[in-house]
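I opened the notebook to look up side-chain contacts in this model. My entries follow the model itself.

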Amino acid sequence: MKILYDWLKEFVAVPFSPEELRERLSLVGIAVEGVSHTPAGPLLNLDLTINRPDCLGHYGVAREVAALARNELRPVSIVLPEVSESAARATRVEIDCPDLCGRFTARLLNGVKAQPSPDWLRKRLEALGQASINNVVDATNYVMLELGHPMHAFDMDRLAEHRIVVRRARAGERIRTLDGVERILSQDVCVIADAARAVGIGGIMGGAETEIGFSTRNVLLESAWFDPISIRRSSKALGLRTEASTRFERGADPEMAELASRRCAALIRELAQAEVLAGVVDVYPARREPLPLELSRKELLRVMGARVPDSEIETILGALGFAPRRTDETRGTPDSLLARWQCRQPSWRQDVTREVDLIEEVARHYGLDKFPPRLHPSKQPAARLPHALPEDRLRERLIGLGYQEIVSIPLVDEEEDALFRPAGVLPARVANPLAEDASLLRSTGLVSMAHALAWNLNRGQQSLRLFEIGRAYRVQNGAPEETRIVTIGATGLAREKGIAESARDYDFADLKGDLDQIGALAGGFVWKGDTLTWQSPTRAGQFSLSNDKPGWLVVSVAGGQTRRIEWPGGTLIGAGGQLADRVAGKFKLRQDVFLAEFLLGPFDALYQLGREARKYQPISRFPAVERDFSLILSDGTTFAAVRVVIAALGIAEIISVDAVDLFRGRNIPPGKFSLLVHITFQSHDTTLTEGQLSDFSSRIISALEQKLGAALRTA
Amino acid sequence: MPEIADIIRQTLAALGVSTPAEVTARFDALRAEFERDTTSARDEASWKSLRDAWLGRKSGVLNRITEQWLKSAPPELRPVVGRSLNELRAHVEQGLESLQRSIAAAAEKAALARERVDLSLPGVIRPLGSRHLVRQTFEEIERIFLSLGFTVVEGNEIETPYYNFEALNIPEHHPARDTMDTFYLDLPPGSKPHLLRTHTSPMQVHTMEKQQPPVRIIVPGKVYRRDNPDATHSYVFHQVEGLAVDTDVTFCEFKGTVEYFVREFLGSAAKTRLRPSYFPFTEPSVEVDASCFVCMGKGCRLCKFSGWIELFGAGMVDPAVYGFVNYDATRVSGYAFGLGVDRLSQLKYGIDDVQLFFQNDVRFLRQFP
């Protein structure tokens with residue numbers, strides 16, 4: 001809403017400059033975005049909240065100025081000479097739908113000389129962004145901007161039988177509105193009709209056929225009140241928002257209808273030398289008594305926490321039209337704790353219906369800055385999210401391993417999501433997406449990760465390590481479901497060339513090593529060879545948690561609820577590996593890309609269990625001894641198989657078995673490979689002797705020979 | 001030292017020295033010669049030859065003098081020759097020793113200069129990641145409110161219209177819905193309707209349904225609005241909702257909490273201003289403004305020449321909301337606020353485009369280690 005500073009001054013003495021007024025109004029809740037200068041004087045651009053339709057006119061804003069300046073608001077004075085002929089004889093108004101139209105007033109003006117408006121009027125309208133049309137139409141707009149009440153003028157001679165029927169539109173009824181558009185109406189829409197057809201959409205826009213033109217002689221001036229919800233519905237359905245609909249949908253003042261009509265008729269009479277017929281035809285089914293309201297100091301204190309003096313309360317509520325009256329027993333005692341005021345709701349403030357609303361009125365004009373700030377004494381311990389701790393550990397480990405955190409928009413492209421979506425997952429689709437490539441909530445974080453990698457690769461960033469802690473979405477049994485996940489993506493160099501080191505590409509072993517270091521937080525991952533469709537068939541795998549046991553597991557799911565779910569031991573929680581060429585091509589990723597993702601719920605649960613169960617392991621006082629075994633194995637034999645065979649020997653002194661070198665070719669027969677296994681022995685009770693060690697070694701070698709057909713490689 | 005070599009091969013008599021003064025003069029000349037020799041010795045090898053020349057067992061200068069001058073000296077000159085010889089020996093020994101020390105020191109210095117690492121060369125850098133800026137802001141906000149006794153809770157992003165709107169006093173035809181354009185889910189026929197939450201406020205209702213007062217919570221999370229993306233709009237952004245409800249919570253406590261937050265988050269110089277506003281789920285409602293930290297309140301483009309920057313919306317919980325969760329509105333009171341995490345990060349770090357938060361360009365992310 002735009003407000004002219006000089007126009008305000010017609011209703012109230014303004015003891016502030018436009019800039020001061022901007023600040024003052026903002027501090028009572030009438031936000032002013034800025035002040036500009038127009039041929040009609042300084043202009044304030046208001047950014048009104050939707051609860052204040054009373055400020056959609058200069059008079060309403062003047063009331064706020066009067067309250068904050070403690071100045072008097074001048075009444076709207078209207079001198080309206082009428083001719084003796086009565087309006088009630090010349091027309092008839094019926095309201096068939098009092099649920100949609102609560103009041104309809106009609107005034108009649110004869111002998112109108114429709115012509116261009118005088119300069120002073122055009123100047124004001126134009127400064128407020130309203131095009132000047134003719135003096136009659138301009139008068140209705142002018143009074144709307146002044147008093148906030150929309151009106152409409154009909155060419156009386158074009159109304160069939162010179163009468164008005166306010167009714168619901170007939171199904172499929174058509175009307176051409178003032179903007180020249182032919183509109184088809186539904187029965188929910190309130191129309192203003194004459195004896196024959198609709199001549200206007202009630203509270204939204206008039207019809208073209210009864211429009212005021214320069215040939216118009218006689219005018220029927222409508223000033224009505226329409227139900228806010230019905231206006232809102234109709235305006236949405238018709239896709240038509242007007243100055244009128246904005247005011248009616250937020251709640252116009254039904255009492256203002258008649259006053260505005262009188263003001264407008266006086267203005268048309270003056271501008272267009274019209275005769276005004278006596279009286280007004282006023283059908284007012286929505287008339288009601290003002291709502292009684294009560295304010296007590298006790299409640300004001302309970303909500304606000306500080307006292308406001310009686311005089312302030314009474315001045316503020318009085319200036320805003322609430323007519324406060326002290327009603328309690330302690331009336332003689334100023335600022336009594338028992339003070340109560342009986343008030344009544346002014347017709348222009350239908351947003352104020354409760355005591356708390358009155359408290360807000362008092363507080364905003366008293367000044368929010370006058371309430372002292374206090375902090376509460378803490379009575380409760382504060383807690384972080386249930387999964388905050390494992391998430392911190394996970395995040396810090398990823399960051400330490402060189403991964404950069406990303407945050408992405410979970411709305412993704414349907415086809416791209418399908419490339420990663422696990423079989424059987426029903427995705428969560430958006431019914432009204434803004435764009436095709438954001439029409440679905442992602443089934444996994446991998447889509448977003450592929451995009452983030454592509455974005456950076458396209459901008460010259462070749463070596464990337466990224467992670468996201470986010471959610472995956474799906475529909476399960478007809479209801480949406482959100483799951484916490486972590487997604488990892490890497491490409492380019494694992495190590496940059498430097499003075500002390502040579503460059504090396506990021507490879508599957510980097511991904512696996514990083515994942516295993518993360519998995520160690522929750523007791524470790526167990527890898528399995530089956531690959532998913534997005535994964536490379538040779539350099540990828542899936543994993544479960546190594547410590548999980550069949551049964552129930554406490555898992556914190558998205559939403560903060562802790563939920564126990566059945567978690568069969570060995571259930572896969574994630575997958576990692578190189579992105580399949582087919583999928584990489586879709587994202588135009590031209591270098592090897594590695595991705596991984598796993599579920600955080602079970603990870604968090606096992607992190608917590610591990611943390612609770614953790615105990616100190618004594619460190620042996622006796623020296624550890626290391627032995628290398630250079631094995632020749634057949635292709636397809638896994639390191640895991642080697643470990644299993646060694647573990648089966650039950651040698652308690654073996655404290656670790658590692659693979660430290662692997663190669664094929666030179667001196668190794670085809671179909672075989674060489675694996676260097678590094679074993680560490682240590683006892684808690686004694687220093688191991690050479691005899692014990694060679695006994696262990698020969699048992700290990702013979703077991704590997706028998707179980708795996710391994711041969712010991714001689715140099 | 002050809003001259004010296006010649007002199008020390010002769011006896012004093014042969015040199016024509018007959019008085020103690022002449023003896024002293026001879027020794028002074030030798031001492032001067034030694035001084036000259038030491039200045040030319042700069043390394044270990046030349047020091048060694050200098051030592052041999054003077055102190056050598058057979059042909060050293062001092063040995064020769066002992067043989068030639070002292071042994072053959074007439075009795076009247078013997079004392080003076082003996083004393084002068086001892087003085088010269090002491091001088092030479094001492095001079096050689098200090099020369100050796102300074103040569104060793106110089107050699108060590110040279111070796112250090114050669115072997116010293118160039119401290120301006122880079123060390124081996126193992127790449128480190130960092131937290132996303134939005135995450136950092138979340139953690140900063142959580143830290144501040146945890147210190148005030150607020151517990152962190154989380155909610156689903158997919159909500160029902162009841163929790164997102166109705167229970168927050170936003171009935172179906174409320175104009176406030178226009179300011180929160182909403183994404184709805186396309187679910188199988190017969191499913192309950194769901195939407196993507198437009199604010200983190202639904203968790204107010206969920207929490208109050210489950211828990212009696214006192215309630216002090218904050219709710220971090222993603223929210224969705226169907227706005228066309230540009231430099232100031234993203235259809236996904238982040239909020240932290242706050243809610244405090246108890247039998248004695250007042251506007252004054254709300255104000256104290258908000259002012260504390262603003263000072264902690266923007267620095268102790270930041271001033272706070274509360275401006276009356278409107279939200280369907282708070283009454284009284286306010287916008288929280290902070291003094292503009294660019295112009296310090298003088299007026300600039302960022303603050304639209306008002307000296308103040310709008311930070312977030314807040315207010316006392318509207319009693320209507322208590323009706324939806326069976327709280328006694330005559331007994332309890334409280335306040336709520338909704339912090340825009342992206343907006344607060346933008347303001348704090350001068351980021352002019354909200355899209356940067358979601359593009360995940362590492363050149364942006366690495367600026368906030």
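Is A:Arg421 buried or exposed? I found A:Arg421 buried, because its relative accessible area is 17% (buried is under 20%, exposed over 50%, partly exposed in between, with a 1.4 Å probe and protein chains only).

**Ground rules.** I am reading a predicted model, where local features need pLDDT of at least 70, side-chain atom pairs count only at pLDDT 80 or more, and totals for chains, interfaces and linings use all residues. Residues are numbered from 1 along each chain as its sequence is written, chains are lettered from A and ligands numbered from 1 in the order written, and side-chain values use heavy atoms, without hydrogens and water.

**Confidence.** I checked pLDDT, the predictor's confidence in each residue from 0 to 100. Chain A has a mean of 93, and 97% of its residues reach 70 or more. I then looked at its elements, which are DSSP runs numbered from the N terminus (helices are H or I, at least four residues; strands are E, at least two). Strand 29 (residues 552–556) of chain A has the lowest mean pLDDT, 60. Strand 19 (residues 404–405) of chain A has the highest, 98.

**Salt bridges.** The structure holds 72 of them over all chains. I went back to A:Arg421, which meets A:Asp417 at 2.9 Å, N to O. A:Asp417 is buried too, with a relative accessible area of 1%.

Next I looked up A:Glu468 and A:Arg442, whose side chains form a salt bridge at 3.1 Å, N to O. A:Glu468 sits in strand 23 (residues 464–476) of chain A and A:Arg442 in the loop between strand 22 (440–441) and helix 15 (446–457) of chain A, so the pair ties together parts 26 residues apart in sequence. Both A:Glu468 and A:Arg442 are buried.

I also noted A:Asp6 with A:Lys9, closest N and O atoms 4.0 Å apart. A:Asp6 is partly exposed at 32%, and A:Lys9 is partly exposed at 37%. One network of salt bridges links A:Arg52, A:Asp54, A:Glu64, A:Arg349, A:Asp351, A:Glu361 and A:Arg364.

**Aromatic pairs.** I searched the rings of Phe, Tyr and Trp (its six-membered ring), pairing centres within 6.5 Å; planes under 30 degrees apart are stacked, over 60 edge-to-face, the rest tilted. The whole structure has 35 such pairs over all chains. In one of them, the centres of A:Phe420 and A:Trp534 are 6.2 Å apart and the planes stand at 50°, so the pair is tilted. A:Phe420 lies in helix 14 (residues 414–420) of chain A and A:Trp534 in the loop between strand 27 (525–528) and strand 28 (535–545) of chain A, so this pair joins parts 114 residues apart in sequence. A:Phe420 is buried at 3%, and A:Trp534 is buried at 3%.

Then I followed A:Phe420 to A:Phe587, a tilted pair at 5.9 Å and 45°. A:Phe587 is in the loop between helix 17 (581–586) and strand 32 (593–599) of chain A, so its pair with A:Phe420 in helix 14 ties together parts 167 residues apart in sequence. Both A:Phe420 and A:Phe587 are buried.

I logged a cluster as well: ring pairs link A:Phe508, A:Phe525, A:Trp527, A:Phe543, A:Phe598 and A:Phe603.

**Charges over rings.** A:Arg103 lies over the face of A:Tyr284, 4.0 Å from the ring centre. A:Arg326 lies over the face of A:Trp341, at 5.5 Å.

Technical notes. A charge sits over a ring if NZ of Lys or CZ of Arg is within 6 Å of the ring centre and within 35 degrees of the ring normal.
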